[in-house]
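Hello,

Here is the structure we discussed handing over. My notes on it follow below.

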Amino acid sequence: MKSILVTGGAGFIGSHLAAELFRRGHTVTVLDDLSGGFVDNVADGIVLKQGSITDAELVDDLFQRSHFDCVYHLAAYAAEGLSHFIKRFNYNNNLMGSVNLINAAVNTGVRTFAFTSSIAVYGASPQLPMTEETPAHPEDSYGIAKLAVEHELQASQRMFGMDYVIFRPHNVYGENQNIGDKYRNVVGIFMNQILQNKPMTIFGDGTQTRAFSYIGDIVPIMADAIEVPAARNEIFNIGADQPYSVNDLAAAVARSMGAPAEIVHVPSRNEVAHAYSSHEKVRRVFGERKLHSLDDGLERMARWVKQHGARSSKRFSNIEIARNFPQAWLV
Ligand SMILES: NC(=O)c1ccc[n+]([C@@H]2O[C@H](COP(=O)([O-])OP(=O)(O)OC[C@H]3O[C@@H](n4cnc5c(N)ncnc54)[C@H](O)[C@@H]3O)[C@@H](O)[C@H]2O)c1
């Protein structure tokens, strides 16, 4: 059994992953600054260390004391669309914070460093679905930082022999998700609007497509990664195969919440029109697995949302660039 650090483990994906690793018998420590996560997301038996990955001293101290075998690095501010307007914050938190972890991991002999990158590294790919070989041309600061961390892990593997596993998930939804964040997670935004008897807001005409991935379909694969030799030093797309338009998603979310599908279209924002990826490689290495249908996954999340409601979310106050900031985010 291993000693494992999960950064961002009080957040949505990280809390499920930490709980799964703990269930498998590992010793699990979570490092989270609670900027987007919640203490009650962290399951009993898991050690929660509150602090930021941007605090190099704290990170070094934690690694020196704990002797982690593996790191799962999920801590990030993951509002992709907003990242254009908060570049400094984005690179400081998501890139420099990651560098602090990589330094400490190399210095203390961590064996495997698993990182949640994102489909955002591909940008507006002309080739759909995107495979791991599709050239990466990220179009926003969030995707650029994720790609830089991927390259940094590869350089550290070559230089210091620390193995990595990189996952590129996309549009993950499910229980524990913070549906109060208006800048990200369209499924959560729609459910929150329905709870408040407001129409669901869609940027543009809603024909943009994404494949929405249920949390329960990705976490077991991520947890397996440190045990599967063929996954070492590889990059994997991970998530659902079937793309849906945002209009179709709105209809499905309304069904899951038992509410009428009331929609209001707001001016489009600068975003990739179609983005979905191939999962042949992850199936080849981790085996074929049955995925939840969109309706099934949404129903599970809706049940949780109806019980827990929306948790308050801090409004992001330090916008660095006001130009072209979407009006819909100002209200
Ligand atoms: N949700 C998705 O659809 C999706 C898709 C692709 C990639 N990802 C990546 O997966 C990871 C987890 O995403 P999520 O959806 O669970 O988001 P989340 O916001 O629920 O979780 C992120 C966690 O990181 C913590 N955090 C942020 N900055 C930190 C810092 N400086 N120090 C310590 N903790 C910090 C937050 O408090 C939060 O608990 C992120 O790296 C994100 O970029 C998510």
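Y173 is buried, at a relative accessible area of 1% (buried means under 20%, exposed over 50%, partly exposed in between, with a 1.4 Å probe and protein chains only). This is a predicted model, in which local features need pLDDT of at least 70 and side-chain atom pairs count only at pLDDT 80 or more, while totals for chains, interfaces and linings use all residues. Residues are numbered from 1 along each chain as its sequence is written, and side-chain values use heavy atoms, with hydrogens and water left out.

Y173 sits in strand β7, residues 172–173 (strands are DSSP runs of E with at least two residues, helices are runs of H or I with at least four, and both are numbered from the N terminus). Beyond its neighbours within four places in sequence, Y173 is in contact with F12, V187, F212, S213, Y214, I215, S293, L294, G297, L298 and M301 (contact means heavy atoms within 4.5 Å).

F212 is placed in the loop between β9 and β10 (213–214). Its relative accessible area is 5%, so F212 is buried. Not counting residues up to four places away in sequence, F212 touches N171, Y173, V186, V187, A240, Q242, Y244, L249 and L294. F212 and L17 are separated by 195 residues in sequence and by 18 Å in space, C-alpha to C-alpha.

Q177 lies in the loop between β7 and α5 (186–195). Q177 counts as buried because its relative accessibility is 2%. Apart from neighbours within four places in sequence, the contacts of Q177 are F12, V172, N185, M301 and W304.

**Ligand**

The ligand is surrounded by 28 residues, and the closest are D32, L74, N93, Y142 and V172 (a residue is near the ligand if one of its heavy atoms lies within 4 Å). By class, the shell holds twelve nonpolar, twelve polar and four charged residues. Nonpolar covers Ala, Val, Leu, Ile, Met, Phe, Trp, Tyr, Cys and Pro, charged covers Asp, Glu, Lys and Arg, and the others, Gly among them, are polar. Helices α1 (12–23) and α4 (141–160) each contribute at least two residues to the shell.

A polar side-chain atom of N93 is 2.7 Å from a ligand nitrogen. A polar backbone atom of G36 is 2.8 Å from a ligand oxygen, and a backbone N or O atom of G11 is 3.1 Å from an oxygen atom of the ligand. The ligand taken alone exposes 820 Å², of which the protein buries 96% (Shrake-Rupley method, 1.4 Å probe).

**Sheet**

An open sheet of three strands has the order β12-β9-β14, with mixed pairing (two strands pair if DSSP finds at least two bridges between them). Its edge strands, β12 (243–245) and β14 (274–275), each pair on one side only. Strand β9 (residues 209–211) is joined to β12 by three bridges, and the two run antiparallel. In this pairing, R210 stands opposite Y244 of β12.

Regards

How values were computed. Polar contact = N/O pair within 3.5 Å; in protein donor to acceptor, adjacent residues only side chain to side chain.
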